[in-house]
Amino acid sequence: MDQYFGTYHRFETPSKKDAALLLGADNLVGDKYDIEFVTESGQRAAWLRNRFGAKIGFFDADFSRQLSVIVARGWTVQAVLSFVAYTDRPAPGRYWGEVAVICFDPALEDAFGPFVDNLSRRLADGVRPEVELGEQGVAKVVESKGSWAPAKHVPFPEKETGTAIMKSRRKMSEKLIEQGRKGNKGCYAVSWAFLLLLVMAVLFGLKSCGVF
């Protein structure tokens, strides 16, 4: 941890209602999150805040303490969404997920800024690169100015009973929406047309089954 720390870590959500935002287009696999520390009932926890300013989940106490030490060093800390899951036990169920947490000395920004961008793109495609780099990995990132990427991948956690992964990569419709946000109006129009056709197809299917 002299210059860099990276890991995949689980986050929790306060409730099913609060977690509904995770399933929408404001939280896409590969999105980057800031980390904010919040003290409630005497306990300090590290929360994930998305690019639109919404808090979407929090880390456990031990990892929150670890991150607070890293932040106190003045390091850059960023998280990238890997997947979102739902577990129905215990009732009434809960949403949770994992993010890749990347922490580094600001002096390495020129190398690790592009590295995080590349990580974001790979996670969006459903690939989970290793982020625990070690000294050699960190050196390769620095030497390549962030273009180097580890070949080793990290598998998804084994599924628990009653658990389903809701998001593990970006869908085509989400990619089109994201392009629209970046100013590509044609892609934005196509994304809404795609969603409209999807809704019409579902309604037609329900009608064919006699639901309507």
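**Aromatic, charged and buried residues**

Modeller: Ring pairs link Tyr 4, Phe 104, Phe 112 and Phe 115 into a cluster. This is a predicted model, in which local features need pLDDT of at least 70 and side-chain atom pairs count only at pLDDT 80 or more, while totals for chains, interfaces and linings use all residues. Residues are numbered from 1 along each chain as its sequence is written, and side-chain values use heavy atoms, with hydrogens and water left out.

Colleague: What is the confidence of the chain, and where is it lowest and highest?

Modeller: On pLDDT, the predictor's confidence in each residue from 0 to 100, the chain has a mean of 86, and 85% of its residues reach 70 or more. Confidence is lowest in helix α6 (residues 185-208), at a mean of 55, and highest in β1, at 97.

Colleague: Why is the pair of Tyr 4 and Phe 112 called stacked?

Modeller: Rings of Phe, Tyr and Trp (its six-membered ring) pair if their centres lie within 6.5 Å; planes under 30 degrees apart count as stacked, over 60 as edge-to-face and the rest as tilted. The search of the whole structure finds eight aromatic pairs. For Tyr 4 and Phe 112 the values are 4.9 Å centre to centre and 20° between the planes, so the pair is stacked.

Colleague: What makes this pair a tie between separate parts?

Modeller: Tyr 4 lies in strand β1 (residues 4-12) and Phe 112 in helix α3 (residues 109-124), so the pair ties together parts that are 108 residues apart in sequence. Helices (H or I, at least four residues) and strands (E, at least two) are DSSP runs, numbered from the N terminus.

Colleague: Why does Arg 128 count as buried?

Modeller: Buried means under 20% relative accessible area, exposed over 50%, and partly exposed in between (1.4 Å probe, protein chains only). Arg 128 has 4% relative accessibility and therefore counts as buried. Gly 113, in helix α3, is buried too, with a relative accessible area of 16%.

Colleague: How do you know that Arg 128 lies over the ring of Tyr 8?

Modeller: The criterion is NZ of Lys or CZ of Arg within 6 Å of the ring centre and within 35 degrees of the ring normal. Arg 128 lies over the face of Tyr 8, at 4.5 Å from the ring centre. Likewise, the charged end of Arg 10 sits over the ring of Trp 96, 3.7 Å from its centre.
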